[in-house]
Amino acid sequence: MQKRVIFQNKGLPYLLLLPQLVITALFFLWPAGQAIYQSAFIPDPFGLKSQFVGLGNFEFLLGDRYYLESFRTTAVFSLLVAAVSMGLALLMAVLADRVIKAAMVYRTLLIWPYAVAPAIAGVLWLFLFNPSIGLVAYYLKQMGYDWNHVLNGDEAMALVVVAASWKQISYNFLFFLAGLQAIPRSLLEAAAIDGAGAWRRFWTIVFPLLSPTTFFLLVVNLVYAFFDTFGIIHTVTAGGPERSTMILVYKVFADGFVGQDLGSSAAQSVILLLVVGLLTVVQFRFIERRVHY
Amino acid sequence: MSFKKRLMTGALATLMSAAGLAGAANAATEIQWWHAFTGRLGDLLAKQVEDYNASQSDYVVVATNKGNYSETLNAGIAAFRAGEQPHILQVFEVGTATMMSAKGAIKPVYEVMAESGLPFDPNAYLAAVAGYYTTTDGQMLSLPYNSSTPVLYINKDALKTAGLDPETKPKTWGEVETVLTALKASGSACPLTTAWQSWVHLENLSAYHNVPFATKDNGFAGVDTELAFNSPVQVKHIDTLGRWAKDGLFIYSGRRNEGGARFRSGECALFTESSAGYAGVKAEAQFPFAVVNLPYWDDVAGAPQNTIIGGASLWVMAGHEGEEYKGVADFFNFLSSAEVQADWHQNTGYLPITTAAYELTKSQGFYETSPGTDIAILQMTGKAPTGNSKGLRLGSFDQIRGIIDEELEGVWSGSKSAQEALDAAVERGNQLLRRFEQANR
């Protein structure tokens, strides 16, 4: 005789799901639908009149060489942010995991930057690297390197990557630290007894066991770099010089909120939506295979 | 900051309306004014509002800061879409075409003034300033409020160090080059820098040399306008600046006003910037400085013409009650008075918007005690504006300026020639103009 638990009430599960469904519909499906609808029009900013253009907005965008360059810029930016912020966070987490005295103090300090708003993080780094008054720029000049991110695209990219990564390291650090602390000490001790050095223990035991955390963070970091960084771009470079830091989401913001070109902005949002959807599929289809839960 | 300010203006307004209530039986009508000023300019603006509210009891003006120019315009647009628009919105000059095309969202100033029955003479305003905000048949759409024009600032100490006469006042770009070369030779790290490169070195350059920035009288005569700032005069100028950038004579500081700090700290010797930068330079500079006319190219026939303005004007938004518009008109009347305007002009470096305010400032002897402050107004009013020097009225102009910035950066870094950069900017900008035309057909 098998004991089965059966809920007689057919409506209850739906009722329990309802809040989540409502939130999804209200904050995701509805705005996404609006964006798709709006992308077929060129409206005037005040909403007084609107021209139906069908796929005209997409045609305009995809025919724009500079817009296509934005994809490359975004890819470079996101990969650099993910690599830098995850790499450094992992390093710090490994170090912090070994600290015994005053561990809480270190951890708190490392978590701090996450509480800083993106725009403020941007301004902070901007001041450090300002070619005429920045402290870091000053020392670089002393060492014979003339820092000028206002004109040098690579330096501008480096600066926004540093600012964006700095903010995200804390978040990654938290997850890596939690992941590290969940690894059974006995495994590491056994490996140590077998004669494995610290480096080997890390690569053969710690890192594979961290892979679910790493995968999760990769997804989160790419989404962060794609969507959450426009405040940093806005305050540090405004997409310049010469579009070298014009990432897709900043262009959506600039065209929609500065340029009042809502049709183009909506079309870009739709394209961005597709890109991120595609990216997620790729990550789960191909990268997740290497993850051991 | 803005919340605190809002709280304070709110409290002030309540106080004022309470005072009004005590005096009169009927409640004072509230006039909402959204603006983009903070800091010293915000304080001066608040003072104007305070003075107005204290001067009468029928209306209460409530001024609210809504962020920078772009943000304020956005806030106004969003509020209009939600049916919550203020009565008065401060819009920067590049938003003029956007506001003009928004028939149904705005109420032209000439209409507001005519309905109020208050005396209103459009000719009392300086043509060079009001022209920017006036239709081709002479009707004023928005009230000029803060207008400035670019001038050249010179650090006299730097000239002395370079072995030049500190009173040297270069008139032409050719003379500027001589000065810059001497400065560079004396070890100056930054002989020349600029603020607002598109505004100074393309928009004003075009007007100053009486060549079109765009067709159709720079957009005044219709939205089917096309950019035209890639003609020989502009190419020559940008090419020269590009060469100076390569030789270390011109140092690019950024798209907005980043160069200001470098001039005020003494790092840069020459600086092209808005006349409204005067207050800041005067307050901070530890060295004697001169304000002179924007240089010109003497091989261009008819140059110098007049320069054009930057800054913002006040737009009246549609959808309010008649009594409230009367209040707006009354307030505008107050703002345009010679005393208020003369005060504003002298405190900020912005141009006086009326001839009366200019005359009053003159009679007060202000220009003798603060030399250089009249350069801007003389430069703007020296000649009657032509179709090329009245102003600019281009859709999506904020974005077009962004494109110009990008392309000019290519010239300063040496990756593009002046001709290539300007051609590309014209082509890309025209695409946006066509979209604007489509949206406002």
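I began with a side-chain pair: Asn306(B) and Gln305(B) are joined by a polar contact of 3.0 Å between their side chains. A note to myself before going on: this is a predicted model.

Next I looked up where Asn306(B) sits. I found it in the loop of chain B that runs between β8 (289-292) and β9 (310-316). Is Asn306(B) buried or exposed? Its relative accessibility is 1%, and buried means under 20%, so Asn306(B) counts as buried.

I then checked its surroundings. Leaving out residues up to four places away in sequence, Asn306(B) touches several residues, among them Ala207(B), Tyr208(B), Gln379(B) and Lys383(B). Ser389(B) is also one of those touched, and the side chains of Asn306(B) and Ser389(B) make a polar contact of 2.6 Å.

Seven of its seven residues are buried, so β9(B) is largely enclosed by the rest of the structure. In a regular strand, side chains alternate between the two faces of the sheet.

Which strands pair with β9(B)? Strand β3 of chain B (residues 88-92) runs antiparallel to β9(B), joined by five bridges, and Val91(B) stands opposite Ser313(B). Strand β4 of chain B (residues 143-148) is also antiparallel to β9(B), with five bridges, and there Leu143(B) stands opposite Leu314(B).

How values were computed: Residues numbered from 1 in each chain as written. Chains lettered and ligands numbered in written order. Predicted model: local features only at pLDDT ≥ 70, side-chain atom pairs only at ≥ 80, totals over all residues. Heavy atoms only, no water. Helix = DSSP H or I, 4+ residues; strand = E, 2+ residues; numbered from the N terminus. Buried < 20%, exposed > 50% of the residue type's maximum accessible area, 1.4 Å probe, protein only. Polar contact = N/O pair within 3.5 Å; in protein donor to acceptor, adjacent residues only side chain to side chain. Contact = heavy atoms within 4.5 Å. Pairing = 2+ DSSP bridges.
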